[in-house]
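Visitor: I would like to learn how to read this model. Please start with the ligand site.

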Amino acid sequence: MSIQKILKNIFGYDHFLGSQEEIIASVCQKKDCLVLMPTGGGKSVCYQIPSIQMHGTGIVVSPLIALMHDQVSGLKNNGVRAEFYNSSLPHDQRDEILNRLEKQEIDLLYVAPEGLFKERFLHSLKKANVCLFAIDEAHCVSQWGHDFRPEYLKLSEITTEFPGVPKIALTATADKKTRQEIVEKLKLTEHASFIASFDRPNITYAIEIKTQPSAQLLKYIKDNHPDDCGIVYCLSRKKVEKTAKFLSEQGFEALPYHAGLPFAKREEHQSRFINEENIIIVATIAFGLGINKPNVRFVAHLDMPSSMEAYYQETGRAGRDGLPASAWMIYGLQDVVLRRKMIFNSDGDLTHQQVSSAKLNDMLAFCETTSCRRKVILRYFGEMRDSDCGNCDTCLHPMDTLDGTILAQKFLSCIYRSEQRFGAGHIIDILRGKETEKVSRNRHQELSTFGIGSDLSEFEWKSVFRQLYVQGYVQVIESDGYSTLGLDKESYKILQGEDKFKLRKETKTRQQTKKASKKAKKLIETELSTKQAAIFDSLKEWRLEKAREKGMPAYCVSDDKSLRNLVIKSPQSLDEMHEVFGFGEKKIDLYGEDLLIILNNSERQNQSVQE
Ligand code: ADP
Ligand code: ZN
């Protein structure tokens, strides 16, 4: 079968996306490839289609067992001979799979990196006919990156063990340095690189200042995602528990997930999240790698992530299906202080601490930016954009800026007068003329800067400080668990009036509305009418039932996008169903009749309601 035919007949898609076709062609010519695509970009078919097309078996190395299981269920449901091999399977099943592998009866075999070099597996693999190795989440091989997995290093041995078999390395997160490491460590020879745009146009980005975390979160969910499935990230286990409880009390199906929960509980919550609709999972970052659910509609951060890479990877779990989704975060000074402490109390050597600290600054600069968020993200990953995106908070609600030079001078001279020995909180107290115990103990009410900033609230001064910090005019010095503010060359440029300081005017709640720009709206193919929405709901019910029956996640039966398209195209026959997105031969065989009946019934019910 040609690769186009495979795409249409097996996956039910009409066209390749982005560079999929070139990548597949390259692999089929036995060339090593490096593929960088954002989450939801369509990486999987890049190795699935070659494995189906070529003789022999494609071996897919993937770090998470849950993910393998879902991918294999989805593939089988499309009629592909796919299996996974890992320690979760009973012995006899493992033997059977190895048997079939040797007899070339499997097109795609998923395996964890640590399983690949187990003697028995390797033995069978040598007898089999391997047509390609796909290394998913390839950035795990990089020590520079943030997901390093030592097992991945061993993967370079593939080259020696299986010369001539093409390798395709795939990832959604990799800066230049990580990219180099992937090529070196996986020994990709004379490889072709495919680097897609990192943009996720269907995600709306928004960031607010943290004032009342729970209330802010509740408002965000109620206003934007009252019935949606989403992920809320918190830094600590305690906060995860507290937030999950709070959301449950407010009537949401919210489940906690963190490393402190018993294994069985974690598994249960993860699988409910994957299999059911409308679940909100509240988690530490222990949750998510390999979560493939396409219809996660929002990702919320109650604490600031440690780097732009982490932020982009975590928010990237929203909207894999390409439909509108949102990423929302709140942050405050406490986050920065906490993160800094974590870095400087870590065991890492000095270089590592410096790298982490630089990454944190980039993250903070992103939070504080007055320009289009998407532009900042993409620039971080090396992509330059000229125009604003129209689908982030700063684009939707442009921020006012004003000349803040005098405010900056007040703040910096207060640091100078108090001898660069205090933190931001105390400096702000002096500026606002607050007679605290610490102020009197240090006789700071006698300073010339005491009370010169009483016209600004504490909230506003904090904002001045953060922006000074981000723009490099204030130094934060950490020692013995305390942070003090200091001045350097750059600070004097402001104090002497050489540099002007542009300040963003902060409102307490930067609003977020549902209204995305026209460009973003185009992504929502068509809004469903009430009638259509009702049919869509019946289809979702049917899907849930099928999923339970088959013991697989709902989205493996069919994803939202396909069901929506089914409603819109409303096919009257199995033949017409070939026109629907996501319906290949096998799926039509399996479910076609059922679905026609549901569509017909709903249609009739709708009519009788109207009569
Ligand atoms: P990634 O692994 O890059 O995150 P996936 O391979 O899971 O992305 O694909 C993301 C979504 O895009 C899936 O829902 C998939 O079915 C869909 N998809 C992939 N290729 C195509 C295509 N050629 N046409 C339409 N949809 C596609
Ligand atoms: Zn924008």
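Guide: Sort the shell by class. Around ligand 1 there are six nonpolar, eight polar and three charged residues. Here Ala, Val, Leu, Ile, Met, Phe, Trp, Tyr, Cys and Pro count as nonpolar, Asp, Glu, Lys and Arg as charged, and the others, Gly among them, as polar. This is a predicted model: local features need pLDDT of at least 70, side-chain atom pairs count only at pLDDT 80 or more, and totals for chains, interfaces and linings use all residues. Residues are numbered from 1 along each chain as written, chains are lettered from A and ligands numbered from 1 in the order written, and side-chain values use heavy atoms, without hydrogens and water.

Visitor: Which residues come nearest to ligand 1?

Guide: A residue is near if one of its heavy atoms lies within 4 Å of the molecule. Of the 17 residues around ligand 1, the nearest are Tyr 13, His 15, Gly 40, Ser 44 and Arg 320.

Visitor: Which polar side-chain atom lies 2.6 Å from an oxygen atom of ligand 1?

Guide: A polar contact is a pair of N or O atoms within 3.5 Å. Ser 44 supplies that side-chain atom, at 2.6 Å from a ligand 1 oxygen. Backbone N or O atoms also reach oxygen atoms of ligand 1: Gly 42 at 3.1 Å and Gly 41 at 3.4 Å.

Visitor: How much of ligand 1 does the protein cover?

Guide: Accessible area comes from the Shrake-Rupley method with a 1.4 Å probe. On its own, ligand 1 has 560 Å², and the protein covers 85% of that.

Visitor: Now the sheets. What is the strand order in the open sheet of six strands?

Guide: Strands are DSSP runs (E, at least two residues), numbered from the N terminus. Two of them pair if DSSP finds at least two bridges between them. The order is E8-E13-E12-E9-E11-E10, with parallel pairing. E8 (203-209) and E10 (253-257) are the edge strands, each pairing on one side only. Inside the sheet, E9 (residues 230-233) and E11 (residues 279-283) share four bridges, and Val 232 has Val 282 as its bridge partner in E11.

Visitor: Which strands does helix H12 lie across?

Guide: Helices are DSSP runs too (H or I, at least four residues). Contact means heavy atoms within 4.5 Å. Angles run from 0 to 180 degrees between N-to-C directions, with axes fitted to C-alpha atoms, for helices over the stretch in contact. H12 (residues 263-275) lies across E9, E10 and E11, at about 140° to E10.

Visitor: What is the order in the open sheet of seven strands?

Guide: Read E3-E4-E2-E5-E6-E1-E7, again with parallel pairing. The edges are E3 (82-85) and E7 (192-195). Twist averages 20° from one strand to the next.

Technical notes. Polar contact = N/O pair within 3.5 Å; in protein donor to acceptor, adjacent residues only side chain to side chain.
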